[in-house]
Amino acid sequence: MEAPHGPAEELHHTVTVTVQRGNKLQGRKPEFQSFVKVEVDETVLGESEKRVRDPSENCFKYDFSCSFQCSRDPQAIAELARKLIIVTVLDFLPEEKKADARTAVLGQAVLDFLPLLHGQTSFSSKVPLYSAAAIQTKSQDNDNKALTPCVDMVVHVSEALVSAEALSSSNLLKVTVETAFSVPDSWTLPSGSSPTASSYTAALEVPLTTEKNQMLVFFDGTLKAGGLREERGRQKKRPFLSQLLPSNTVVPGAFIEPESVENEDGELRGQGDLLFRKEAETKKTRVSWDVEMCCFLNQEATNRLRKSITKCKLWPVEIMRSMDSSKGQLLEETTEIPFHGVAFVDMGRLLFPGATRIRGAYCVQPFSESLLSNKAKRSVSVLNKYAKAVATAARTTSAKKGAVKRSAKKPGLKTNGTDVTEITSEMEQAVNTQGNLYLEARTYVMIEISLEKPLIPKTPPEELSRRVMALIPPKPPLAEGPTKAQSAVQNFSRQVAKVVSHVCEQVEELYGKDCSLSEMNREHMKAEVMGELNMSGRYFTFKEQLKNAIIRIVRDKMQRTESITNPRELQEFVSKLYIYLVDETHVALNKIYTDEIDVETEGFHLSQAQLRHFAKEAQSVGDYNQALQYYEELLVRNPTDPLHKYDLGSYYMLTGDYMKAGEYYRYAVATDQSHQPSLIMCGVLAFMSEQYTNAQTFLKQAATMESYGVEAWTLLGLLYQSQEDAIQCEGAFLEANKLLRAKEDPKLKEVRKFWSELAERGAEERAKMGTKTTPLTPPQQTEHHQESDDGNEEWSQDAKNHEEEQRILNRVTIYTETVSFLLQNSAVQMAERALALELLSSDGGRSVRYLLHLARLQLLRKNYSSALVSLEEALNHDDENAEAWALKGHCLFLQGSLSSAKDSYECSLSFQPPPQNPHLVLLRLGDICQQEGQFEQAKLVHLQACEQSPSCLTWLGLGAACYRLEELSLAEAALTEANHLNNQNAQVWAYLSFIALKSGRIKEAEQFYKYAVKFKLHNEELIREYTQIHDQARFSYLDDCFKGAAI
């Protein structure tokens, strides 16, 4: 092989190819001689000697070596990625006469040099040997693999072509041009025309060095008529097919697999394009290449590729059709490119972290220099450059051979009797017309570009975890056993048991084991026992023991470590402590004297789920102190659950204390490094405080998890957008959309499938009738006047399906999903950003979901009038939306328009699906009914709330309604249940005092009212009502007393 021209001092690599043996070869006769011929890049390196079969191993031992020189120039090494070693095995049959000796090709083996570009200095391979007689199929290859002839080869290089250091920063780029669909109708070959009447070429440029590019030109596109789809799972082809036998034209192990349109990276992926693409890929003429070309990119080329994509992400792929059958070569440099089109491939997605492949459909547009400059920031056409190079090479070759002959009459060359000058002139006049044919036909080309290694490595999860741990060190696990609060209560129970033991011992000493309390005075016995306990010192002992136990309860259970200086607060705390100690004493005594008892030592048997429900309820009605108390109780009960710390963080977000919120979110992550909502909120707070590096770390870690992946990726996109990183922003939003589609409502998929099938059936019917095929779209809500009843029913059903689709869809986007999460955590600033993107997005706009989220945002800002405007607009779009009616009711309720709020709440409860928080709707509706004196309706509403989600407030509402209806026994039962759930609600104690007064239990009522005052009863109407009822009850009691005295 000829070495490339270059300086004399330029160094070369010696590449040696050795053909060792041929296995399972079958000749024309049982006994024959065989030899091999080795070619590289259309250059014959040599032929081996003729060998006979080795009978012991049933093979031909060639042991033939040949070599060629490969320059160290980057271009030569890059070209090696596309070169092939072609080994042709021939048999030789000597005849009696030497002149009659014959040779025949047994087969051809093909091997590439890619292992050398991976840093290897030597590699061996068993290369299948395919004959020209048969084309190997996948089934034959799998079934007869053991019987397939093969050639043992070894390729060796004197020194590694790519050093280990250069290998780490190099890359291998593969470009596959598959098929151009829906090509112009004028390309369709007339009946009987030769398939080689035209040639189809595609070309693009990729970096070679920091300054040079390398051209990839795809020849021999095949024009195919419509009627059938392209074969699924077909193999990719090698370039330069003319040198290869049919079985060797395909790339081993490389297939074009079918792929969902939704997973593609190109254009024409919308719902409106699917039907067109299906028709184009089955019925219309197409041009097929299916050729894969490899490009080796050294460090310089890889860096330049990355920078070039960053500078301009659209890369042109040019296409042309020429009337010459010589692989698209043009005759003159000045000749316009016929049918010159260009498709712009969005290479930006290769800069997504970890991305190594893009594939999609790209629309072909008429080529123009202005379009190339505006979109791709380039000034030179690849095909023009290629045409000039080919024309220059052709002139040089012709000059050397002296074969250039020009006509004396006409200066242009002739082809098929037509003057070249005339052809050029016609092309120049028709170039715009030819290009516009691509737009009329909506031509698009399928292209795949892949890399061996990503241009931007993806941060591994382990590294992200390490970064999160560096920002928030994990909290060491708590030691096994009870918490400090539980230990304090258990210690108190043990001390009570010891006191009981001491008292029992003292009683036994005084009265024996068989003493009977009925035989003596109880008070006298207590006095004697107390006296003996004091004299023996036992009383002092257990008093000190109980003192220490009570101190631990105050410190560890009640979280009191500072002295109380306010006398009123001190009295309240002592009362609370006394009540708690009495309850715990009873529990301890029950454990001592009862064999089997199952009671909880904490609270009033409230589960963690109940406490969390009560906390959310208190938070929604604006009782923040009560909500905080519940959240803290949850945290004390289970300090290892990150959910309780996350809830506290959300609580402080609502109150506007972002510093405190951040602390609790960090506590949650310290407890559980994989708690996704807390990681997202840590990222949100870091984003809001402009700590972008930390925000990126938290959000990337959260995005590796499943549950809230859409929200994490969307927020990451917002972060990149704020940093003006358009490519990373696009990548994050694409990942979010991919996750959103993955969890799409199955019912929506069924509706879409229905419309797709209906559209296909309609297209087939119109094709049979000879009418023009037009895409079928879902019917709009218009009046249809049809003659048959069946037609009316069909369109009615279609309209229902369309309405169902719209209801399920309802503009679900990544932004609305993210806004919902942010509003749940009161991150108003970030929610506003996401809403702005929803308004600008093509899938978004002022949809019902957008308007509902906007109204929630305005409610959080207490901008009730604006929220009402947004909700009215939402109800104009969908007047059966329960959530919109509920939010409207909340706005009116907070503005004091109780009658209008009641109507909105009733509408909300009448539609399906129910609102997000039906509990709050029922609570407020019941309160409105009670304030308007509709006690029977208030009773029913609160009863429904008690059945669905019981709480202190629902039982209070039911009890209050029953009290107003004079159903005192039911009212007392409901209020007792409310008191059981929360014994610190002042209104519950007030109503219990009313019932006790009306039942004649004045002392009990006064005690109840004291508790109401203790727990800060501020309702003036209830205070006045108590005073009035109390006075009436006392006057009635005095009247009864006077009547009794008179008798």
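Is the crossing of α19 and α21 left-handed or right-handed? In this predicted model, the crossing of these two helices is left-handed. Helix α19 covers residues 676–688 and helix α21 covers residues 709–722. Their axes come within 10 Å and cross at roughly 15°. Angles under 35 degrees count as roughly parallel, and α19 and α21 are therefore roughly parallel to each other.

The residues that form this contact can be listed from each side. Helix α19 contributes Q676, I680, V684 and F687, and these meet G709, E711, A712, L715, L718, L719 and S722 of α21. Sorted by class, the contact of α19 with α21 has 7 nonpolar, 3 polar and 1 charged residues.

The crossing of α31 and α33 is left-handed. From α31, the residues in contact are H919, L923 and Q930; from α33, they are L953, T954, G957, A960 and A961. This contact of α31 with α33 has 4 nonpolar, 4 polar and no charged residues.

These pairs belong to a protein with 37 helices and 22 strands. Of its 1047 residues, 44% are buried. Among contacts between residues at least 6 apart in sequence, 69% join residues at least 24 apart. The protein exposes about 54,900 Å², and carbon and sulfur atoms supply 51% of that area.

Technical notes: Residues are numbered from 1 along each chain as its sequence is written. This is a predicted model: local features need pLDDT of at least 70, side-chain atom pairs count only at pLDDT 80 or more; totals for chains, interfaces and linings use all residues. Side-chain values use heavy atoms; hydrogens and water are left out. Helices (H or I, at least four residues) and strands (E, at least two) are DSSP runs, numbered from the N terminus. Buried means under 20% relative accessible area, exposed over 50%, partly exposed in between (1.4 Å probe, protein chains only). Contact means heavy atoms within 4.5 Å. Accessible areas come from the Shrake-Rupley method with a 1.4 Å probe; for residues, only the protein chains shown count as cover. Axes are lines fitted to C-alpha atoms, for helices over the stretch in contact, and angles run from 0 to 180 degrees between N-to-C directions. Angles under 35 degrees count as roughly parallel, over 145 as roughly antiparallel, 65 to 115 as roughly perpendicular and the rest as oblique. A crossing is left-handed if the near helix is turned anticlockwise from the far one by less than a right angle, and right-handed if clockwise. Ala, Val, Leu, Ile, Met, Phe, Trp, Tyr, Cys and Pro count as nonpolar, Asp, Glu, Lys and Arg as charged, and the others, Gly among them, as polar.
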